[in-house]
Amino acid sequence: MRLIAAAIAAGLLWATAYAVACWVWPFVACPRCTGSGTHRSPSGRAWRDCRRCSGTGRRLRLGRRAANWAARRRA
Ligand SMILES: [Zn+2]
């Protein structure tokens, strides 16, 4: 029983740390273009905006997206 309580406490601590991290650093590099925002042609010279992030090179983290969703829902 003690072990379960410790596991729950650790989980809550991790969730709090993750929520704070998502608030302070809301973006991660786009996994498709690894943050460059461009998608290069095989020749390497031509390029277009990355479709996943529409050229910004960044993606909102899951935690921040959830927070935004919750905030929109409350309003
Ligand atoms: Zn991208």
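**View 1. Ser43 and its polar neighbours.** The backbone nitrogen of Arg45 sits 3.2 Å from a polar atom of the Ser43 side chain. The Ser43 side chain also makes a polar contact with the side chain of Ser41, at 2.9 Å. (A polar contact here is a pair of N or O atoms within 3.5 Å; within protein, one must be able to donate a hydrogen and the other to accept it, and residues adjacent in sequence count only if both atoms are side-chain atoms.) This is a predicted model, where local features need pLDDT of at least 70, side-chain atom pairs count only at pLDDT 80 or more, and totals for chains, interfaces and linings use all residues. Residues are numbered from 1 along each chain as its sequence is written, and side-chain values use heavy atoms, leaving out hydrogens and water.

**View 2. Where Ser43 sits.** Look for Ser43 in the loop between strand S2 (38–40) and strand S3 (47–49). Strands are DSSP runs of E, at least two residues, and helices are runs of H or I, at least four, numbered from the N terminus. Ser43 is exposed, at 56% relative accessible area. (Exposed means over 50%, buried under 20%, partly exposed in between, with a 1.4 Å probe and protein chains only.)

**View 3. Ala10 on helix H1.** Ala10 belongs to helix H1, residues 2–24. With a relative accessible area of 45%, Ala10 is partly exposed.

**View 4. Cysteines without a bridge.** You'll find zero disulfides here, a disulfide being a pair of cysteine sulfur atoms within 2.5 Å. For the sulfur of Cys22, the closest cysteine sulfur is in Cys30, 17 Å away, so that's too far for a bond. Cys22 is buried, at 3% relative accessibility, and Cys50 is buried at 2%.
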